[in-house]
Each structure stands twice: as structure tokens, then as C-alpha cells.
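Here are my notes, as promised. Have the viewer open while you go through them.

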Amino acid sequence: MEYRPDLKDIVREKYGEIAQRSTSSSCCGPGCGCSGDTVMADAYTGLDGYVAEADLGLGCGIPTDGAGIMPGDVVLDLGSGAGNDVFVARRLVGDTGKVIGVDFTPAMIEKAEVNRRKLGYENVEFRLGDIEELPVESGSVNVVISNCVLNLVPDKLKAFQQIFRVLKPGGHFSISDIVVSAPLPPALRSVAELYAGCVSGAVTRNEYIRLIESTGFRNIKILKEKQITIPEEDLRTLISSAELEAYYSSGARIESITVAGEKPE
Ligand SMILES: C[S@@+](CC[C@H](N)C(=O)[O-])C[C@H]1O[C@@H](n2cnc3c(N)ncnc32)[C@H](O)[C@@H]1O
């Protein structure tokens, strides 16, 4: 979707509603994650540190997997939602580290904070803020993680520049996100519901990697990838049959990737 000033409001409103329900969705419409009949979300059950109340089924990978998080690290989770990846990271950093979650939806921060208090973690902090202007000190973080969020951020270059800024020299990131193999047809890109659902804000994989490289990151690797299929009945509620045909014949595929990169020493 072309940049519109109200995009962030649309996203905040959708995730505010999700936070106020106990699970992300009873159906599996186009959206990040989707618990139940999972479209994008990976299964977390069984992971050390997993907290069921924090899992709203909104992710599209497991960014802590292969993130090299060490005891004592400071970890930052971008778009932390109800805290799903924060609590997994907390298990990895232990009592001597710290995990900060940033999200711009007040209801998500409240939900995450309720979860934190139940767990009694003193070294976990949730901050209300925008990824494009992170409320985090420069050069203070060992590892940045994020799960299915940057596709929702209109200025992705600014987001990667903020990640670069807050990382310590030699620090690194592991980010799960949605990308597309080729640009989506205009009809799909202009549907607000698909933007908030992690589809139409996604850039191509090549563009995503180019943004990361141009920010100055090194040693960029794709750790995991999988193809995402949005159920046709969901797409039919949002676009016409002709537009659906145009999408299928465009050959564009929606993919989830987990990508890692390092800030040079
Ligand atoms: C798809 S959900 C993922 C939540 C969480 N990472 C998870 O896997 O459960 C996207 C989250 O990113 C947040 N978000 C989207 N754009 C943001 C931005 N520009 N700054 C901060 N948070 C943002 C939303 O409020 C929402 O909680």
C-alpha cells in the first residue's frame, strides 16, 4: 500500500482490538499469525520460557531461535505485543540480563505488563513507543529481535537505522517478518485490512535485504523461510474475482523469513 498518514492508526486500532480479546481471532482471516488454524504463526508450545497468555498467535517465525542470545544480554523486542518473544528471551538472558519490549499499541503494552507482573520478572520492561523513533538509548542492546512487525512499519529504512543505532558495536539482530517474492498487484496493495494483516505492507525479499545492507549491517543471513498461503475464501471477502486472478497470475508469493545481521565492531 502506498504510504498514507493514517496507516499507523489503522494498525494500532487493529492490534488494540486484538489485545482486548483473549485470543487473536476465532477465524483465520488474513492477518499476522492467527492462532487456531495457523496461517503464519509457528508453534511455540514446548519452547523454554513460553507463556500461553502472551501468545496471541501473531508471529510468523521464532526469532529467538538461532539468535545467539546469551545469559546477561540486553535484548530488545520490536512490536512486542503481549510479550510472547520477550518471555522466551527472558529465559535465555536469565536473571543477569534484561529484556525490553517496545510496542505502540497501549492495550498491548497493558496486556504484556499484566503478564510480566504475574511472572514477577524485574528485568523485563515494556515501553510504549514507535519503532521509527525507538525510546531506547543508542549502543545499549546486544540483540534485537522482532516477530512479524516490520512489514507494518511504513518507513522500513528508518526502522533498520533505529535498530543499528540502539545496537552495541558487534551486536546483532534476528527478525522474523513477511516479504513477497514479487510486487503485489495494486488491488491487493490498496486494501487497508491486508496492510494491517501483514500482507500489503510487505516489501520484496530483495528490497528487504537491500535495506538491511544499506543501513550498514554485515553478515546477513536468512535463517529460516516458509511460504504463506492466505485462504482463498478470506481473500474473496476483500478483493474481486478479477483482482484475485491478477494476484494468482502475478506469480507473487508471500513468504515468512527469519533474517539475521550484525552491526560491525
Ligand atoms: C503482528 S503483531 C506481533 C506481536 C508480537 N511480535 C507477537 O509475535 O506476538 C504486530 C505488533 O507490532 C506493533 N506495531 C506495529 N507497528 C509498530 C510501530 N511502528 N511501532 C511499534 N509497534 C508497532 C503492533 O501494535 C502489534 O502489537
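Predicted model: local features only at pLDDT ≥ 70, side-chain atom pairs only at ≥ 80, totals over all residues.

**Notes on the ligand site and the fold**

1. The ligand is surrounded by 21 residues, and the closest are Gly 79, Asp 103, Thr 105, Asp 130 and Ile 131.

2. Next, look at the backbone around the ligand's nitrogen atoms. Gly 79 has a backbone N or O atom 2.7 Å from a ligand nitrogen. For Ile 131 the corresponding distance to a nitrogen atom of the ligand is 3.0 Å, and for Phe 104 it is 3.1 Å. On its own the ligand has 590 Å² of accessible area, and the protein covers 99% of that.

3. Now the overall fold. The protein chain has nine helices and seven strands. Along the principal axes, the C-alpha atoms fill a box of roughly 55 × 40 × 35 Å.

4. Take the contacts between residues at least 6 apart in sequence: 77% of them join residues at least 24 apart. The chain exposes about 11100 Å², with carbon and sulfur atoms supplying 50% of that.

5. Helix H7 (residues 205-215) deserves a look too. Its buried residues are Tyr 208, Ile 209, Leu 211, Ile 212 and Thr 215. They sit on the same side of H7, because they cover an arc of only 155° around the axis. Their cover includes helix H4 (156-166) and strands S5 (167-180), S6 (218-228) and S7 (254-262). Just after H7, Gly 216 adopts a positive phi of about 115°.

Key:
Residues numbered from 1 in each chain as written. Heavy atoms only, no water. Buried < 20%, exposed > 50% of the residue type's maximum accessible area, 1.4 Å probe, protein only. Helix = DSSP H or I, 4+ residues; strand = E, 2+ residues; numbered from the N terminus. Arc of directions from axis to C-beta. Contact = heavy atoms within 4.5 Å. Near = heavy atom within 4 Å. Polar contact = N/O pair within 3.5 Å; in protein donor to acceptor, adjacent residues only side chain to side chain. Areas by Shrake-Rupley, 256 points an atom, 1.4 Å probe, with all protein chains shown as cover.
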